[in-house]
Amino acid sequence: MPTCHHYHRIHPRLRGVKLGSKLPKTAARGARAEGQFPAGTLSPAQILTAYGFKQNQFAGLTSVTKLGIGSLGGGVVQADIDNAVAAWGMLAPKLTVRTVGGATNDPTADTDANVENSLDIVPTMAFAYWFLTGQAADITICFGPNASNGMTLVTQDLVAAGVEVASWSWGSAADQWDPTERAALAAAFQAGVQAGVTFCAASGDNSIDDGTSSPSADYPASDPCVWGVGGTNLQIAADGSRASESAWGDGNPGDEGGGGGFDPTVAEPPFQQGIVPSGQGRGVPDSAANADPNSGWQMSANGQWTVVGGTSAASPFTAALIAVAKAIAKLPASAGLLTPAIYAARATACNDITTGSNGDPAAVGWDPATGLGSPNAAAFIAALTGATPPAQQPAPPAPAPTPAPAPPISAPAPTQPAPPPVPAPPHVSARKACLLASQGIVQNYPTDGSTPALADVQGWASDGLASGWPTTSATTSTKP
């Protein structure tokens with residue numbers, strides 16, 4: 001395993017600056033007062049609101065999805081959790097700490113990695129889950145060594161601990177991995193998916209070159225059993241709504257920006273066929289979320305308030321949304337690979353990003369800058385609540401030799417993953433439709449037991465959102 005990197009970026013104005021342990025105010029646009037958050041940066045609540053979510057939108061759930069975080073350094077800083085609870089009124093997460101491979105939970109060893117850990121735990125994962133459900137997030141963080149097989153050990157341990165959605169904010173360029181170690185990690189992801197775990201991973205913070213001298217996807221984001229998450233710059237309107245959103249990056253392939261691109265050592269997964277340009281392998285990312293430090297996440301790190309961006313924020317944030325969907329739908333234990341569902345519902349589930357560039361310009365449809373786009377509120381959740389997971393998962397890929405003109409290396413030839421069937425469209429019963437209607441996911445469905453309008457019923461049935469309803473002019477007097 002190469003030395004892996006965490007993917008967070010401190011706001012450029014705050015690198016080396018401390019704003020104090022009390023929540024600062026947001027500076028007026030253009031202001032540069034000390035002790036204030038830079039203009040344009042956002043609180044977690046502002047980010048969720050901009051994406052169309054409402055506080056307690058999914059309150060009343062009877063189950064809590066277990067979330068997981070993989071880490072290769074530092075430790076948990078309790079002051080960051082305490083600061084967030086005091087400032088935002090959120091419930092503190094139920095946090096379980098595990099260690100493998102001789103690693104320790106040591107916040108004095110690597111304060112930069114502490115920032116990563118707090119970013120993963122507090123503003124993205126714990127806050128988002130609490131904001132949407134009113135429940136304290138149940139989070140397990142596992143620390144492993146940033147050395148041979150460290151990520152594999154952590155991934156296996158998270159699965160053994162019973163997490164249902166896990167996020168990795170660490171990785172390295174796909175072609176930098178030892179083939180044997182990468183194959184072992186791929187096998188761990190595959191086993192986890194088959195056990196019902198959904199994995200997310202940051203796509204990197206060095207644009208499409210991913211810290212190398214040529215375009216490269218980041219691994220594990222490029223694994224076919226992992227939901228790769230890229231980065232955007234999010235701007236909000238005066239009313240808190242999403243004003244605009246663009247790919248994070250300045251257009252130069254080697255500068256700061258969301259990672260993305262293609263991994264030619266991984267066969268194009270079936271869920272990307274016909275959507276992602278063919279013949280180049282697995283496309284990354286699958287989706288994206290706010291990650292530019294200039295529109296970054298206001299948070300406490302090492303006990304001091306600051307602003308942090310990076311795809312390390314986008315990945316655990318996306319994992320929290322997936323966890324909410326799993327809690328709503330009570331998906332079966334086999335529901336690990338959920339990327340096919342979001343690709344099938346991409347037209348409504350994601351905000352298509354068409355501006356900005358990470359060295360590869362954002363465009364209509366999927367692109368290597370932002371994937372399918374950012375979460376589109378309840379439609380994003382709805383795309384996952386009724387998803388039928390594929391019966392067969394992709395086989396772990398084997399990296400290919402380094403492309404010419406570099407000398408070939410003795411690596412196994414690419415393995416074509418066994419294509420899983422395309423998932424069936426979501427179907428819910430009338431009873432479930434009532435529940436989803438009360439949460440704002442299905443529009444116009446009466447929640448008082450009365451009969452819905454025929455036009456609405458026909459629309460839901462033709463869209464595959466309500467099983468058993470007639471699509472003709474048949475009576476709607478009896479609910480299925």
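This briefing covers backbone geometry at selected residues. The structure is a predicted model, in which local features need pLDDT of at least 70, side-chain atom pairs count only at pLDDT 80 or more, and totals for chains, interfaces and linings use all residues. Residues are numbered from 1 along each chain as its sequence is written, and side-chain values use heavy atoms, with hydrogens and water left out. Most residues other than glycine have a negative phi, and most peptide bonds are trans. Helices (H or I, at least four residues) and strands (E, at least two) are DSSP runs numbered from the N terminus.

**Cis peptide bonds**

- Tyr219 and Pro220 are joined by a cis peptide bond, with omega about 25°.
- Pro220 sits in the loop between strand E11 (218–219) and strand E12 (226–236).
- A cis peptide bond also runs from Val284 to Pro285, and its omega is near 0°.
- The loop between strand E15 (282–284) and strand E16 (287–290) holds Pro285.

- Asn56 is not a glycine, yet its phi is positive, near 60°.
- The position of Asn56 is in the loop between helix H1 (44–50) and strand E5 (66–71).
- Asn56 has 40% relative accessibility and counts as partly exposed, a class between buried (under 20% relative accessible area) and exposed (over 50%), using a 1.4 Å probe and protein chains only.
- Ser207, also not a glycine, has a positive phi of about 55°.
- Ser207 is found in the loop between strand E10 (198–202) and E11.
- With a relative accessible area of 0%, Ser207 is buried.
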